[in-house]
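Hi,

Here is the structure I promised to pass on. Have a look at it first, and then read my notes below.

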Amino acid sequence: MKQVLTFLKNIRKNNSKEWFDSHRDEYMEAHSIFTTFVEKLIAGIGEFDPSVKGLAPKDCMYRFYRDIRFSPNKMPYKTHFGAYVCPHGKKSGYSGYYFHIEPEGNGFLDGHQLDTGLYCPDPKILKSIREEIFLNGETFEKAVMEATGFVVEDSQALKKVPNGYPSDFKYAEYLKLKNPNLCKRIDNDFLLSDHLLENTVAEFKKTFSFNTILNKAIEYALD
């Protein structure tokens with residue numbers, strides 16, 4: 001991943017079409033390395049979560065080119081690579097496993113990160129997840145605890161328990177989540193390790209129970 005990291009550092013300093021066009025070969029090399037990794041990551045996750053088997057890298061990877069039409073940020077290119085491995089691909093609305101590479105600085109996540117869960121889920125899906133937590137709070141918390149090294153992402157959590165649920169509910173903090181998600185920051189040592197794939201799969205495996213609960217609730221919402 002060294003070439004990927006080097007390219008991302010360079011594009012952060014030189015985020016223009018002119019620079020990109022003259023260094024397109026560096027992008028193609030970085031993109032190829034990342035694509036190969038994602039293909040292996042899908043296979044690795046599929047060993048413990050069969051719901052993602054059969055996915056291709058293109059089903060999980062995001063475009064590197066930014067849509068700047070309605071954004072005040074006119075930089076044409078992202079400064080990160082990301083892949084979201086979930087049932088039926090990244091646009092399905094299902095919960096999954098997100099792998100993110102980004103040099104530290106003023107970027108999207110400001111560093112490398114592993115995530116499992118959902119970001120900005122549809123209201124009916126979030127409602128179904130909250131109902132699952134309310135009915136099976138102990139099981140949900142156990143799944144969170146199994147994911148050692150991960151933390152619950154609560155930066156956008158509600159201040160109060162949502163309407164319809166008792167404020168003294170034992171697991172009320174989970175009901176407040178708007179983005180049910182577990183995250184783990186990783187550093188360059190993790191990213192550049194010769195065992196990156198095995199280590200990443202092992203980390204995501206810790207979150208399998210959490211992901212399964214979310215997708216069970218999503219299935220209820222979609223039925």
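A quick definition to begin with: buried means under 20% relative accessible area, exposed means over 50%, and partly exposed is in between (1.4 Å probe, protein chains only). Keep in mind that this is a predicted model, where local features need pLDDT of at least 70 and side-chain atom pairs count only at pLDDT 80 or more, while totals for chains, interfaces and linings use all residues. Residues are numbered from 1 along each chain as its sequence is written, and side-chain values use heavy atoms, with hydrogens and water left out.

Salt bridges come next. I counted one wherever a side-chain nitrogen of Lys or Arg is within 4 Å of a carboxyl oxygen of Asp or Glu, and the count comes to nine. One of them joins Asp 59 and Lys 58, at 3.6 Å from N to O. Asp 59 is partly exposed, with a relative accessible area of 24%, whereas Lys 58 is exposed at 64%.

Another links Glu 131 to Lys 127 at 2.6 Å, N to O. These two are four residues apart in helix H5 (residues 123-135), so about one helical turn separates them. (Helices are DSSP runs of H or I with at least four residues, strands are runs of E with at least two, and both are numbered from the N terminus.) Glu 131 is partly exposed at 33%, and Lys 127 is partly exposed too, at 48%. Elsewhere, salt bridges with shared partners tie Lys 17, Asp 21 and Arg 24 into one network. Within it, Lys 17 and Asp 21 meet at 2.7 Å, N to O.

Now the aromatics. Rings of Phe, Tyr and Trp (its six-membered ring) pair if their centres lie within 6.5 Å; planes under 30 degrees apart count as stacked, over 60 as edge-to-face and the rest as tilted. The whole structure has 25 such pairs. Take Phe 7 and Tyr 27: their ring centres are 5.8 Å apart and their planes are at 50 degrees, so this pair is tilted. It links distant parts of the chain, with Phe 7 in helix H1 (residues 2-13) and Tyr 27 in helix H3 (residues 24-46), 20 residues apart. Phe 7 is buried at 1% relative accessible area, and Tyr 27 is buried at 7%.

Tyr 27 also pairs with Tyr 65, with centres 6.3 Å apart and planes at 65 degrees, so that one is edge-to-face. Tyr 65 sits in the loop between helix H4 (57-60) and E1, 38 residues from Tyr 27. Tyr 65 is partly exposed, at 31%. One aromatic cluster includes Phe 7, Tyr 27 and Tyr 65, along with Phe 81 and Phe 99.

Those last two lead to the strands, which I call paired if DSSP finds at least two bridges between them. E1 and E2 run antiparallel and are joined by five bridges; Phe 81 has Ile 101 in E2 as its bridge partner. E2 and E3 are also antiparallel, again with five bridges, and here Phe 99 is partnered by Leu 114 in E3. How many of the six residues of E2 are buried? Six of the six.

At 65% relative accessibility, His 88 counts as exposed.

Cheers
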